[in-house]
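Trainee: Could you walk me through this model before I start on my notes?

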Amino acid sequence: MRLIKLSANNPGFKTIEFNRIGLSLIVGKRHNNDYTKNKKDTYNSVGKSLSIALINFCLGSQKNPEFEAKLNDWEFSLQFELSDILFTATRKCNNQGVIYLNNEEKTLKEYTDFLSSRVFEIPENTKYVTFRSLLPRFIRPRKASYNSFDNFIPEEQEFQKIINNAFLLGLDVSLVLKKFNLKDEFDKIEDMRKAFEKDTIIKSFFEQNEDDDFEIDVVDLKVKIQKLEQGLSKFEVAEDYHEVVREADELKLQIKALDNKAATIKIALSNIEKSLNITPDIPKKRIEQLYKEAMVSLPDAVIKQLADVEEFNKKILDNRSQRLLKEKLGFEKKLSEIVAKSKRLGKLKDARLEYLNSKSALDEFTKMNDQLKELKIKLDSIEKYRCKYPLFQTAIS
């Protein structure tokens, strides 16, 4: 690139024409040749610094607020030559986002990309080396740019300074970039290690799953989260859950007590049936028959006494049977009432259990929700580490 001239649309600006061969100097002279007097009496403000700033401006520098505020209606043009082709770049102070290259409007990036390819022939995919990063090595735009021979931009990072200087010296910048990438990778691993030691969630996750495959653990974590989310979406909370559980337990106890009473009554009824089947003592006719068979005659008084005894026993047996039958009826009635009550309570209990099967307790819902939150925090921490530290998984394994 060879600069030809710098001009403006305002006639108050004196066009600067650069020598085609040799140096072009803009200097400030003293009023006299006495260097011992009036050291500050010079022709300052002749445009030395402004000329540098304007050349930088026309070569795609960042927006200059001072130009916009004080030279709002001005526009500057820089004429230069690239490979014997003449170009003119014009930039307006009130519209600094575009540059007109040979009257063709371009964005700053389009313009600087064009200069990168034509001036420095920067290979594609060469990181950190651009036309704008290399230009300050030739035109030092600030006062601070003169403080050091190799520090042209005060805020420039050390690596950017090294790789740009290396490029201009003709060195293999791929080696510089490789070293930077290795150092960057090492720093990220070190940062990740420190962060890992401080993050209790991530640390506990890997301690619990230290013998398992990392990816399988993450997939398993996602599956658990999905199942919990599905479960919670179908979850119906019963605020009276524990009250219904208590009622169901009480009904179970009542039904058990009724069943015990029913069993006792059934035993009593069985005993009554046995008592009713007991036969009376030997009847009078059977005694007479026995005596006849023995060829022994019973006196009439004995026979009459036997008849009286038989009648007495019959009355006793009848009274006993009536009493047992009365007791049996009473037990059967009571048993029927107990069975009916047990069935009624059983239906109530079944209704309570069915309600509990369709609903869940609030504390169970809370427990599931807390578990879901815990799993999501773990997964979120892992995903953040993956994004922040691409080598996270490899470094851990």
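**Helix ends and buried faces**

Mentor: Let me begin at the end of H5, which is followed by glycine 170, a residue whose phi is positive, near 80°. Helices (H or I, at least four residues) and strands (E, at least two) are DSSP runs, numbered from the N terminus. This is a predicted model, so local features need pLDDT of at least 70 and side-chain atom pairs pLDDT 80 or more, while totals for chains, interfaces and linings use all residues. Residues are numbered from 1 along each chain as its sequence is written, and side-chain values use heavy atoms, without hydrogens or water.

Trainee: And which residues of H5 are buried?

Mentor: In helix H5 (residues 158-168) they are Phe159, Lys161, Ile163, Asn164, Asn165, Ala166 and Phe167. Buried means under 20% relative accessible area, exposed over 50%, and partly exposed in between, with a 1.4 Å probe and protein chains only.

Trainee: What about H3, which residues are buried there, and what phi does glutamate 121 take just after it?

Mentor: The buried residues of H3 are Leu108, Tyr111, Thr112, Phe114, Leu115, Ser116 and Phe120. Just after that helix, glutamate 121 takes a positive phi of about 50°.

Trainee: Changing topic, how many salt bridges does a search of the whole structure find?

Mentor: The search finds 9 of them, a salt bridge being a side-chain nitrogen of Lys or Arg within 4 Å of a carboxyl oxygen of Asp or Glu.

Trainee: Is glutamate 81 buried or exposed?

Mentor: Glutamate 81 is buried, as its relative accessible area is 16%.

Trainee: Which lysine pairs with aspartate 113, and how far apart in helix H3 are the two?

Mentor: The partner of aspartate 113 is lysine 109, and their closest N and O atoms are 2.8 Å apart. The two residues are 4 apart in helix H3, so about one helical turn separates them. Aspartate 113 is partly exposed, at a relative accessible area of 39%, whereas lysine 109 counts as exposed at 57%. As for networks, salt bridges that share partners join Arg2, Arg20 and Glu81 into one.

Trainee: And where does glutamate 66 find its partner?

Mentor: Glutamate 66 forms its salt bridge with lysine 70, where the closest N and O atoms are 2.9 Å apart. These two residues are 4 apart in helix H2 (residues 65-70), which again means a separation of about one helical turn. Glutamate 66 counts as partly exposed at 45% relative accessibility, and lysine 70 as exposed at 64%.

Trainee: Last topic, then: what does isoleucine 225 touch beyond its neighbours within four places in sequence?

Mentor: Isoleucine 225 lies in helix H8 (residues 214-233) and is buried, with a relative accessible area of 7%. Leaving aside those neighbours, isoleucine 225 is in contact (heavy atoms within 4.5 Å) with Leu372, Leu375, Lys376 and Leu379. In sequence, isoleucine 225 and lysine 376 are 151 residues apart, yet their C-alpha atoms are 7.0 Å apart in space.

Trainee: And lysine 106, is that buried or exposed?

Mentor: Lysine 106, in strand E6 (residues 104-107), is buried, at a relative accessible area of 18%. Again setting aside neighbours within four places in sequence, lysine 106 is in contact with Gly97, Val98, Ile99, Leu101 and Tyr111.
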